[in-house]
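Here's a quick briefing for anyone opening this structure for the first time. Take a look at the sequence and the model, then read on.

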Amino acid sequence: MTYKSTRGAVKGISFSEAVLKGIAPDGGLFVPEQDVRFDSLELAEMCGMDYKTLAAYIFKRYATDFSDEEIEYCVDRAYGKNSRFPADDPAPVVRLSENLNVLELWHGPTSAFKDMALQVLPAFMSVALKKKKQSAGTADGMGRIAILTATSGDTGKAAMEGFRDADGIDIMVFFPENGVSEMQKRQMQTQEGGNIRVVAVRGNFDDAQSGVKRIFGDDEFRRLIRKDGWQLSSANSINFGRLLPQIVYYFHAYAELVRSEQINLGTKVNFVVPTGNFGDILAAYYAFKCGLPVGHLICAVNSNSVVADFINTGFYNANREFMVTISPAMDILISSNLERLIYDMSGEDEKATSRLMMELMTGGCYNIDRSTLSGIRSLFWASSASETETTATIAEVWNRYRYLIDPHTAVGVNVYDKYVISTGDLTPTVAVSTASPFKFNRSVASAVFGQADNSGSSQEPLNTPDIGSINEFALLSILSEATGIDVPAPLAGLNKKQILHTGVCDKDAMKQAVLDFLERDAVRDVGRNGAQGA
Ligand SMILES: *Cc1c(COP(=O)(O)O)cnc(C)c1O
């Protein structure tokens, strides 16, 4: 298997190189150059596998420059007995109703679905880095990776948990000082690990992100740190190493439906995916392409409805107001991974893809041709959920099923209801649940406490405390006691953990902050070598 850029200038790249580079030098995204196809016999075999075995089975077809031992190392670290996921099943499937199941992807260390990929990406990178060093014969200690990330909350924490103490890789995360929730800030400031630094930026998320982009684009800076063996890389979902692990859980969910005899092997299933940067649902599309029986992929967005509008009209228009919602991980106007879908659906037309992405960069919008659009619409269905609808869905699902969902998942369930009403399609469906309800507990508590129960159920509504006046840590136990659901362990202990990172910098001082961080390492290495020599 080799990889190529969606913009055509790069071809024949190995999996290792694609993962280390993150983004192609022509600005495009790496995609597989050959088709992967699992036939029905293989699908039957996959339906009998546990999560880790299934992951290895799929990885082998995409990471062909990794040995079996190297793949085993990656899946064992991410999903094995000593991993940060529950040993029996990292991604449980819960049956809600006759046709609807929920795939819970938030049982990892940060209680959001990004852990599913970010617990394995660092292992991919460490293996890839080792291979690169071996082939280049670089002296040990050289050829190190510095991951830089700006985060609005979820990605940064999940990346740090993944990369903590990874071989040859350091990670630095910038977050907007007043732009993340109490819980998210505490999650980051208490982060442990010898290869990590977290700094708050005086500004908003855009300031932090532009700062990081400027550093990536600064050739002189790259040359400077290269002298000490550093190469910059990204843990963002444009990295193919983040998409690959996400293909696995679609097969896993399918296998669970077969095992629980809800479907027969070969029956088509629909998936509903709460969507922001289009990474999660693109992985579902890749699963479909390589043989998973899928009916429709239902793309659910919040009031930032740019992607749903695109799927419904063929016109992508980012020139609109940015809305701050209660599902913040989906607040986005530029959805990067759509580039991979357009490339594929246009028959791998690299010229058209480059042109559309240029139009997006310069004018903020583009139009795709009719045949590409009809290809997309034959598989995808899309709609959005407003803030009111999202809150009402959390309450409704709680009242009807006594099952608690977070606002991102609620956007998915709301759009699923719209899909059934609009199409009448009762195909067995899996709704992807992307975060623990406790991670967004203020919105969840507001939705379930004292909401008028119009679901027709006879259960009593919960008593209403004054949510607004309670901090998010106290709210954890209030919500847990009222619902009888345990707080996930990583969130429960959070307010007792020691704060380790208190750094704050101006947006213009971010480059210097990175240098300080990387140089701390240079000094440490000299010391270590000196001690060994003595
Ligand atoms: C990142 C995220 C999403 C959106 O996923 P994409 O791959 O960007 O489409 C949805 N929900 C949660 C909780 C997230 O953290």
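Val301 has Ser384 as its bridge partner in E13. That pair belongs to strand E10 (residues 294-301) and E13, which run parallel and are joined by 5 bridges. Keep in mind that this is a predicted model, where local features need pLDDT of at least 70, side-chain atom pairs count only at pLDDT 80 or more, and totals for chains, interfaces and linings use all residues. Residues are numbered from 1 along each chain as its sequence is written, and side-chain values use heavy atoms, with hydrogens and water left out.

**The mixed sheet**

- E10 and E13 sit in an open sheet of 6 strands with mixed pairing, in the order E3-E4-E14-E9-E10-E13. Strands here are DSSP runs of E with at least two residues, helices are runs of H or I with at least four, and both are numbered from the N terminus; two strands pair if DSSP finds at least two bridges between them.
- Strand E3 (93-95) and strand E13 (380-384) are the edges: each has a single partner strand, so one side of each is left without a neighbour in the sheet.
- On average, neighbouring strands of this sheet are turned by 25° against each other, direction ignored. Angles are taken between N-to-C directions and run from 0 to 180 degrees, with axes as lines fitted to C-alpha atoms, for helices over the stretch in contact.
- Helix H13 (residues 306-313) packs on the sheet and touches E10 and E13, its direction making about 135° with that of E13. Contact means heavy atoms within 4.5 Å.
- Helix H18 (residues 407-423) lies across E10, E13, strand E4 (100-104), strand E9 (269-274) and strand E14 (429-433), at about 115° to E13.

**The parallel sheet**

- Another open sheet has 5 strands with parallel pairing, in the order E8-E5-E6-E7-E15.
- What's at the edges? Strand E8 (230-233) and strand E15 (504-506) stand there, each with a single partner strand, so one side of each is left without a neighbour in the sheet.
- Neighbouring strands of this sheet are turned by 30° against each other on average, direction ignored.
- Strand E5 (residues 144-150) runs parallel to E8, and 4 bridges join them. Ile145 stands opposite Gln231 in E8.
- Helix H9 (residues 205-216) lies across E5, E8, strand E6 (169-176) and strand E7 (196-202), running at about 150° to E5.

**The ligand**

- How many residues surround the ligand? There are 15, and the closest are Lys114, Gly276, Asn277, Asp280 and Thr434. To be near, a residue needs one of its heavy atoms within 4 Å of the molecule.
- By class, this shell has 6 nonpolar, 6 polar and 3 charged residues.
- A backbone N or O atom of Gly276 lies 2.8 Å from an oxygen atom of the ligand. For Asn277, a polar backbone atom is 2.8 Å from a ligand oxygen, and for Gly279 a backbone N or O atom lies 3.2 Å from one.
- Taken alone the ligand exposes 390 Å², and the protein buries 96% of that. Those areas come from the Shrake-Rupley method with a 1.4 Å probe.

**Positive phi**

- Most residues other than glycine have a negative phi.
- Asp165 has a positive phi of about 60°, and it's found in the loop between helix H7 (154-163) and E6.
- Glu348 has a positive phi near 55°, in the loop between helix H14 (338-345) and helix H15 (350-363).

Definitions and conventions
Polar contact = N/O pair within 3.5 Å; in protein donor to acceptor, adjacent residues only side chain to side chain. Nonpolar A, V, L, I, M, F, W, Y, C, P; charged D, E, K, R; others polar.
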